[in-house]
Amino acid sequence: MRAVGHVSGERVPVREDLAAVVPYGAPQLDVPVRLNTNETAEPPPAAFLEELARRLPELALNRYPDRDALALRDAIALRLGWAREGVWVANGSNEILLQLLLAYGGPGRRVLVTRPGYSMYPELARTTSTSLVAVDLEADGTLAPEVARAAVERHDPDIVLVASPNNPIGTLVPHEAVRSMHDASRALVVIDEAYVEFAPEGSSVLELLDTCPRLVVSRTFSKAFRLAGLRLGYLAARPWVVDDLQRVRLPYHLDALTQLAGLVALGMEDAFLDHRATVVAERERVRAALEARGDLEVAPSSANFLLLRSERP
C-alpha cells in the first residue's frame with residue numbers, strides 16, 4: 001500500500017449551507033398507477049420512435065454535439081413565432097431555471113417566488129446562493145395584480161420566478177399580474193409554463209414578450225409532449241438573456257440524441273399533443289367525482305393534476 005502524508009479526516013466537508021439538505025426528488029416507485037410526478041401516462045407516439053430510430057445513423061456520435069443547438073432552436077422559434085436569438089434549450093426546464101439563477105442570482109441577490117409554489121425553486125436558490133423571498137397566494141390559489149405589484153415593490157427582487165399554471169395548485173397567473181410584476185420592478189420576470197399546454201387557449205404569457213423586455217417564458221417537453229425521460233426544456237426571451245446564459249452554460253450541455261429527438265417531436269407536434277383534450281376532460285370528470293364525495297376540497301386546475309384538501313386526518 002502506498003504511504004500517504006498526514007490525513008486529518010476521511011472526507012472533505014460539504015458546504016455548510018448544504019450539510020442538512022436532503023437531495024430533492026419525488027419517489028420513483030414501480031406501481032401500476034404513478035401520479036406523484038405529474039407525468040403523462042401515455043407513451044410517445046409509435047411513429048416518433050420509428051422516425052427517431054431511422055434518423056439515428058445521421059448522428060456522428062464520435063463528435064461533440066452542436067454546442068448552440070441551432071437546428072432545434074430554429075424549430076422551437078418557428079413554433080413560438082419568436083426569433084431564434086431569443087430561444088434557448090437545456091436539459092429540462094430545471095436546468096433552464098438553474099442557468100437563469102446562475103446568471104442573474106447569486107450572493108447578494110434575491111429571487112421572489114409564490115407560496116405555495118414548485119418545491120424545486122428553493123433548492124435552486126440555495127444551490128446558487130440566492131436569497132429567497134415569497135409572496136403568499138390567495139386562499140383560492142390566485143395572485144392578484146395589486147398583490148403582485150406590492151410584493152415586488154416590498155422585496156425589490158433581482159428575479160421573479162412564478163409557475164403558471166401553479167405547481168402544486170394548478171391555477172394560472174393573470175397576465176395583468178405578470179405585467180404588474182414586470183412594470184413595478186427591475187427584475188427578470190420568469191414565468192414557468194411547464195403545464196401551459198393543458199390550460200385554456202390564451203393562457204400563455206408569450207404574447208407579453210413584445211412589450212415586457214425583462215420577461216422570460218420557460219417551457220418543457222416533459223409534460224404535454226410526453227417526453228419526461230428525454231430531459232428537454234427551453235425558454236423564450238430577449239436575445240440578451242440567451243447571450244447571458246451562454247456565459248454560465250456548460251460546454252456541449254445538450255447532447256446530440258436529445259437535440260435530434262426534440263426536432264423529430266416538433267415535426268409531429270399534432271400527434272404528440274392530441275391527448276390533451278382527453279387529459280383535460282378526465283381531469284374535470286375526476287374533479288367533479290371527488291367534489292361529489294362531500295369531504296374533499298378540490299382546487300380548480302389548468303394543469304394535468306389536481307390538488308386535494310381534506311379535513312380528515
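This is a predicted model: local features need pLDDT of at least 70, side-chain atom pairs count only at pLDDT 80 or more; totals for chains, interfaces and linings use all residues.
Visitor: Hi! At what angle do helix H2 and H8 pack, and how far apart are their axes?

Guide: Helix H2, residues 70-80, packs against H8 at an angle of about 30°, and the axes are 9 Å apart. Axes here are lines fitted to C-alpha atoms, for helices over the stretch in contact, with angles from 0 to 180 degrees between N-to-C directions. Helices (H or I, at least four residues) and strands (E, at least two) are DSSP runs, numbered from the N terminus. Residues are numbered from 1 along each chain as its sequence is written, and side-chain values use heavy atoms, with hydrogens and water left out.

Visitor: Are H2 and H8 roughly parallel or oblique to each other?

Guide: H2 and H8 are roughly parallel because of that angle. Angles under 35 degrees count as roughly parallel, over 145 as roughly antiparallel, 65 to 115 as roughly perpendicular and the rest as oblique.

Visitor: Which residues of H2 and H8 meet?

Guide: From H2 come Ala71, Leu72, Ala75, Ile76 and Arg79, and from H8 come Gln259, Gly262, Leu263 and Leu266. Contact means heavy atoms within 4.5 Å. By class, this contact of H2 with H8 has six nonpolar, two polar and one charged residues. In that scheme Ala, Val, Leu, Ile, Met, Phe, Trp, Tyr, Cys and Pro are nonpolar, Asp, Glu, Lys and Arg are charged, and the others, Gly among them, are polar.

Visitor: And how does H1 sit against H8? What is the angle there?

Guide: Helix H1 (residues 46-55) and helix H8 (residues 256-267) pack at about 135°, with axes 10 Å apart. The two are therefore oblique to each other. On the H1 side, Phe48, Glu51, Leu52 and Arg55 make the contact, and on the H8 side Leu260, Ala261, Val264 and Ala265 do. Sorted by class, the residues of this contact of H1 with H8 are six nonpolar, no polar and two charged.

Visitor: New topic: which residues of H4 are buried?

Guide: Met120, Tyr121, Glu123, Leu124 and Ala125 are buried in H4. Buried means under 20% relative accessible area, exposed over 50%, and partly exposed in between (1.4 Å probe, protein chains only).

Visitor: What covers those buried residues of H4?

Guide: The cover includes helix H3 (92-104), E2, E3, E4 and strand E5 (188-192).

Visitor: Where is Thr128, and is it buried or exposed?

Guide: Thr128 is in the loop between helix H4 (120-127) and strand E3 (131-136). Thr128 counts as buried because its relative accessibility is 7%.

Visitor: What does the side chain of Thr128 make a polar contact with?

Guide: The side chain of Thr130 is one partner, at 2.9 Å. A polar atom of the Thr128 side chain also lies 3.2 Å from the backbone oxygen of Ala125. A polar contact is a pair of N or O atoms within 3.5 Å; within protein, one must be able to donate a hydrogen and the other to accept it, and residues adjacent in sequence count only if both atoms are side-chain atoms. Leaving aside neighbours within four places in sequence, Thr128 is in contact with Leu98, Leu101, Leu102, Gly106 and Pro107.

Visitor: What about Ser129? What is its phi?

Guide: Ser129 has a positive phi of about 55°, although it is not a glycine. Most residues other than glycine have a negative phi, and most peptide bonds are trans. Ser129 is in the loop between H4 and E3, and counts as partly exposed because its relative accessible area is 35%.

Visitor: And Ala69? Where is Ala69 found?

Guide: Ala69 is in the loop between H1 and H2. Its phi is positive, about 50°, although Ala69 is not a glycine. Ala69 is buried, with a relative accessible area of 1%.

Visitor: Last one: is Val152 buried or exposed?

Guide: Val152 is buried, with a relative accessible area of 2%. Val152 is in helix H5 (residues 145-155). Setting aside neighbours within four places in sequence, Val152 is in contact with Leu112, Pro157, Val160, Ser180, Met181, Ala184 and Ser185.
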